[in-house]
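Open your viewer and get ready to click. This tour tells you what to select next and what you will find there.

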Amino acid sequence: MIRGIVFDFNGTLARLTSWGMPHQEVFARHGLARAGLRWGDRNDAAPADGTLHREHSHSREAYHRWELDRLSARARRCGVPEDRIDALVADLDRETKTFTMELYDDVVEVLDELRHEFTIAVCSNWYWNLDETIAQLGLGGMFETIVPSARAGMRKPDPRIFRHTLRLCGLRPDEALYVGDMWVPDVEGPLAAGMRAIHLCRPAQAVVEEPPPLREGVWRVTDMPAVAGLAGELRC
């Protein structure tokens, strides 16, 4: 019997609609265009999926320091002089976090329906301020708990981040579904934690890449109303 549903955030409930200044332009603004070319097109120095970083997640300040340290280390590898790193990295950090997001059109109504029947939560690879971002989108107070990887100390698909979220919700793994748009973090990770998973593969995403074949304990849907319908069937 399903009692709870845990959602991914970006690509599942909301999408990015605009971004800050490209990193190569930030480098050029600092007169470091050559180093910017070495940096390439990758927009940040985010930790890889599955990274464990508990020692950096005991406070917001400690996590931010770790973010800046990663940017600084990469800037050094790109040849940025030591006396110019701090100013550059401050700009890179700010531009990385300058973006706008909007909810998918089918999210609010379905979440409002689900929260009356299930415990619902969010668990996502995201910055420290995921709760603030969700509140800005009008979903404040909607979820039992909101768990960003920055605070949890590990990133999906590490099964421990899912178990941590379930503990906060008072749910066993077999009582919960995870809903997300990415196969490895949002399907394989929850399965390893003992959950079942719904792969939310919106039509625009399916055009980009053919999704993997389904496995036992995994369903695939194309919109949030289908998530609600499947959850209702599994609740009984």
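**Stop one: E175**

Select E175. This residue is buried, with a relative accessible area of 9%. Buried means under 20% relative accessible area, exposed means over 50%, and partly exposed lies in between (1.4 Å probe, protein chains only).

Before you go on, note that this is a predicted model: local features need pLDDT of at least 70, side-chain atom pairs count only at pLDDT 80 or more, and totals for chains, interfaces and linings use all residues. Residues are numbered from 1 along each chain as its sequence is written, and side-chain values use heavy atoms, with hydrogens and water left out.

R3 is partly exposed, at 36% relative accessible area. Which residue does E175 form a salt bridge with? The partner is R3, and the closest N and O atoms are 2.9 Å apart. E175 sits in the loop between α8 (159–169) and β6 (176–180), and R3 in the segment before β1 (4–7), so the pair ties together parts 172 residues apart in sequence. A salt bridge here is a side-chain nitrogen of Lys or Arg within 4 Å of a carboxyl oxygen of Asp or Glu. Helices (H or I, at least four residues) and strands (E, at least two) are DSSP runs, numbered from the N terminus.

**Stop two: D91 and R29**

Select D91 and R29. They form a salt bridge, with the closest N and O atoms 2.9 Å apart. D91 is in helix α4 (residues 82–96) and R29 in helix α1 (residues 23–29), so this pair links distant parts of the chain, 62 residues apart. Is D91 buried or exposed? D91 is buried, at 10% relative accessible area. R29 is partly exposed, at 44%.

**Stop three: D93 and K97**

Next, pick D93 and K97. Their salt bridge has its closest N and O atoms 3.0 Å apart. D93 counts as buried, at 11% relative accessibility. K97 counts as partly exposed, at 30%.

Widen the view. Salt bridges that share partners join R3, R172, D174 and E175 into one network. How many salt bridges does a search of the whole structure find? It finds 19.

**Last stop: M21**

Select M21, in the loop between β2 (14–19) and α1. M21 is partly exposed, with a relative accessible area of 25%. Leaving out residues up to four places away in sequence, M21 touches V26, R29 and E95. Contact means heavy atoms within 4.5 Å.
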